[in-house]
Amino acid sequence: MKINLNKNLMLSFISIIIISLLITGIISTYMIDQKFNLYLLKEHEEKVDNIRSSINSAIRKNPQTPDFEGKGLTKYAISEGYVIEIFDLDNNLLYTTGMYPLMGHDSGGHMMGSMMGRMFRNMYQNYNEDSYPLTLDGKEIGKITIGYLGASNISSEAMSFKLTLYKSILISSLIAVLV
């Protein structure tokens, strides 16, 4: 009877340790994922602010014919994966980057590997657009539309970091359970 009690206590103890490690792994993955998503959203908002600032700067410099290319707007849009459209008050298109930034190019302008490109297209099918007023001297002169994929236009580097983080937590949890 005493041997069975020891075995039962040992099995219960090991079960509690394994369950605790699994719960800790799941909770830490969830918490890190939530914080990382907030970071990505904040980074996205900063990039959108940079785009808007660049557009406003070009318009202040020359309101009649702003030089958006001189501000590097297309290069920035391509490198960060944004589609930018600028309209006047009559909804006439003044400038666009076209859909090129969303065609599977990485930040260096090179095509992503086919597997990575497929993964992003499958995971982030939703295309979002945000519109902002375009103003000059406090007067609205048009609107800016900024399009992107996903909730925060996640980059391939950020996705790679996230996957690496998940792998490390999983491996750490497995090692802790085995030890």
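Colleagues, the model is predicted, so local features need pLDDT of at least 70 and side-chain atom pairs count only at pLDDT 80 or more, while totals for chains, interfaces and linings use all residues. Residues are numbered from 1 along each chain as its sequence is written, and side-chain values use heavy atoms, with hydrogens and water left out.

I begin with the charged pairs. Side chains of opposite charge can pair when their charged atoms come close. The structure holds 3 salt bridges, where a salt bridge is a side-chain nitrogen of Lys or Arg within 4 Å of a carboxyl oxygen of Asp or Glu. One of these joins K162 to D33, at 3.1 Å from N to O. K162 lies in helix α4 (residues 156-178) and D33 in helix α1, so that the bridge links distant parts of the chain, 129 residues apart. For the secondary structure I follow DSSP runs numbered from the N terminus: helices are H or I runs of at least four residues, and strands are E runs of at least two. Both K162 and D33 are buried. Here buried means under 20% relative accessible area, exposed means over 50%, and partly exposed lies in between, with a 1.4 Å probe and protein chains only.

How are E43, K47 and E80 linked? They form a network of salt bridges. Between K47 and E43 the N to O distance is 3.9 Å. These two residues are 4 residues apart in helix α1, and therefore about one helical turn separates them. Between E80 and K47 the N to O distance is 2.7 Å. Because E80 lies in helix α2 (residues 73-80) and K47 in helix α1, this pair ties together parts that are 33 residues apart in sequence. As for accessibility, K47 counts as buried at 13%, whereas E43 is partly exposed at 24% and E80 is partly exposed at 25%.

Helix α1, which spans residues 2-61, also contains R52. R52 is partly exposed, with a relative accessible area of 25%. Leaving aside neighbours within four places in sequence, R52 is in contact with Y132, P133, I144 and I146; contact means heavy atoms within 4.5 Å.

I turn now to the strands. Is β1 largely enclosed or open? It is largely enclosed by the rest of the structure, because 5 of its 6 residues are buried. β1 pairs with strand β4 (residues 139-149) in the antiparallel sense over 6 bridges, and two strands count as paired if DSSP finds at least two bridges between them. β1 also runs antiparallel to β2, to which 3 bridges join it. E85 stands opposite T145 in β4 and opposite T96 in β2.

The hairpin of β1 and β2 has 4 residues between the strands. Within that loop, N91 has a positive phi near 65°, in a residue other than glycine. D137, in the loop between β3 and β4, likewise has a positive phi, near 55°. D137 counts as exposed, at 76% relative accessibility.

Another loop residue is T97, placed between β2 (93-96) and α3 (114-123). T97 counts as buried, at 11% relative accessibility. Not counting residues up to four places away in sequence, T97 touches T74, A77, Y82, V83 and I84.

Finally, a pocket. On a 1 Å grid over the protein atoms alone, a pocket is an open set of points where a 1.4 Å probe fits, with protein on both sides within 12 Å along at least five of seven lines, and lining residues have an atom within 4 Å of a point. The second largest pocket has a volume of about 150 Å³, a volume being the space filled by probe spheres set on the points, which are joined across faces, edges and corners. Its lining includes I59, P63, F68, F87, D88 and L136. β1 (83-88) and β3 (127-136) each supply at least two of the lining residues. The lining divides into 9 nonpolar, 1 polar and 1 charged residue. In this count Ala, Val, Leu, Ile, Met, Phe, Trp, Tyr, Cys and Pro are nonpolar, Asp, Glu, Lys and Arg are charged, and the others, Gly among them, are polar.
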